[in-house]
Amino acid sequence: MAQEVRGVIAPGKNEPVRVETIVVPDPGPGEAVVRVQACGVCHTDLHYKQGGINDEFPFLLGHEAAGVVESVGENVTDVAPGDFVILNWRAVCGKCRACERGRPWYCFDTHNARQRMTLTDGTELSPALGIGAFVEKTLVAAGQCTKVDPSVSPAVAGLLGCGVMAGIGAAINTGNVGRGDSVAVIGCGGVGDAAIAGSYLAGAAKIIAVDIDDRKLETARTMGATHTINSRKTDPVEAIRELTGGFGADVVIDAVGRPETYRQAFYARDLAGTVVLVGVPTPEMRLELPLLDVFGRGGALKSSWYGDCLPSRDFPVLIDLHLQGRLPLDKFVTETIQLDEVEKAFERMNRGDVLRSVVVL
Ligand SMILES: NC(=O)c1ccc[n+]([C@@H]2O[C@H](COP(=O)([O-])OP(=O)(O)OC[C@H]3O[C@@H](n4cnc5c(N)ncnc54)[C@H](O)[C@@H]3O)[C@@H](O)[C@H]2O)c1
Ligand SMILES: [Zn+2]
Ligand SMILES: [Zn+2]
């Protein structure tokens with residue numbers, strides 16, 4: 001029997017989000033229903049609300065979540081009712097051209113639930129990133145559930161489901177940050193700070209945080225930044241070069257995703273260095289660069305989808321490192337809120353007041 005629960009939808013472009021009754025079908029073959037315990041508010045949810053991702057309104061927002069599996073459909077063997085899981089948006093297929101070549105973190109055919117959650121009048125909802133988790137219970141593909149140590153707090157665990165994993169992975173998986181590297185991170189929100197924490201974990205010797213908000217720079221220091229630059233007051237390219245012997249950083253991570261921050265990243269890296277774009281641009285943005293500089297500066301210009309993570313490989317390890325006191329995931333939770341406070345959380349995110357607001361249920 002389908003269940004009726006409360007959840008947060010974005011009804012239309014730039015309209016305020018609101019709490020509605022959501023109909024959650026019983027899990028079909030390969031699906032699971034998860035009782036959501038916590039779900040972080042990510043900038044990508046705001047992109048959805050603003051129509052920056054696509055026009056498939058109404059969206060069921062929320063996608064950085066952890067909870068307990070309530071029921072599973074036929075043919076589900078990897079998770080069972082009662083399991084504590086982080087939801088992921090990379091349930092790999094095992095069969096596409098990326099998976100077949102042994103690179104499942106690029107999987108081009110990830111699994112989501114086949115059935116749709118709806119409003120009570122039958123309107124189908126588009127779940128954000130194929131999850132939709134600002135809701136008491138959600139329907140996902142069983143492969144979207146990654147089991148982790150249940151002794152971690154759900155509010156902390158859920159963050160690994162998107163932004164924090166994207167940031168840590170941008171540094172460690174995509175940027176290959178290693179011992180002794182110099183790293184600069186542009187944009188110190190949840191994603192950028194996670195890139196800083198990931199770089200610290202990987203042994204980077206110099207970690208330069210760049211933001212336009214001094215409060216964000218202060219927090220970045222607590223995540224492991226060794227230097228900070230306010231790019232409203234100081235030219236970040238010159239400052240990063242100065243801090244790296246005049247050369248630029250080995251790896252520069254753009255966790256904002258705008259043409260101007262990308263250009264800063266491009267010129268703030270050393271010759272043969274790496275740029276990692278993890279911030280998500282909007283469709284109208286354009287980048288212009290001298291092609292000779294693209295060639296002449298060498299190195300690698302990479303994008304990081306979800307931190308090139310493999311949830312089954314990365315989530316349990318990062319939770320264990322957190323429980324051992326080696327990864328301060330708890331510092332990302334600025335506040336816990338209720339379902340009806342998501343709209344306010346977007347405003348606080350826009351004002352830069354929070355790293356992460358986390359809905360707890
Ligand atoms: N690639 C992925 O898989 C992935 C996953 C999650 C989120 N994201 C994206 O990452 C980006 C950051 O997300 P977030 O949740 O950390 O957002 P956020 O709003 O919490 O943080 C953004 C930060 O960037 C700073 N900033 C804004 N403009 C800047 C500028 N011009 N120069 C320097 N700093 C600037 C802000 O002050 C803020 O601290 C978003 O675009 C989001 O959609 C990508
Ligand atoms: Zn695949
Ligand atoms: Zn996200």
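Trainee: Which residue in β13 does Ala 209 stand opposite?

Mentor: Start with the ground rules. This is a predicted model, where local features need pLDDT of at least 70, side-chain atom pairs count only at pLDDT 80 or more, and totals for chains, interfaces and linings use all residues. Residues are numbered from 1 along each chain as its sequence is written, while chains are lettered from A and ligands numbered from 1 in the order written. Strands are DSSP runs (E, at least two residues), as helices are (H or I, at least four), numbered from the N terminus. Two strands pair if DSSP finds at least two bridges between them. Here, Ala 209 faces Thr 228 in β13. β12 and β13 pair in the parallel sense over four bridges.

Trainee: What is the strand order of the open sheet of six strands?

Mentor: The order is β13-β12-β11-β14-β15-β16, with parallel pairing. β13 (227-230) and β16 (300-303) each have a single partner strand, so one side of each lacks a neighbour in the sheet.

Trainee: How many residues surround ligand 1?

Mentor: A residue is near a molecule if its C-beta atom, placed from the backbone, lies within 6 Å of it. For ligand 1 there are 34, and the closest are His 43, Ala 166, Gly 187, Gly 189 and Val 191. Elements giving two or more residues to this shell include α1 (43-49) and β12 (206-211).

Trainee: How many residues count as buried, as a percentage of the 361?

Mentor: Buried means 20 or more other C-beta atoms within 10 Å of the residue's own, with C-beta atoms placed from the backbone. Here 52% of the 361 residues qualify.

Methods
A residue is buried if 20 or more other C-beta atoms lie within 10 Å of its own, exposed if 12 or fewer, and partly exposed in between; C-beta atoms are placed from the backbone.
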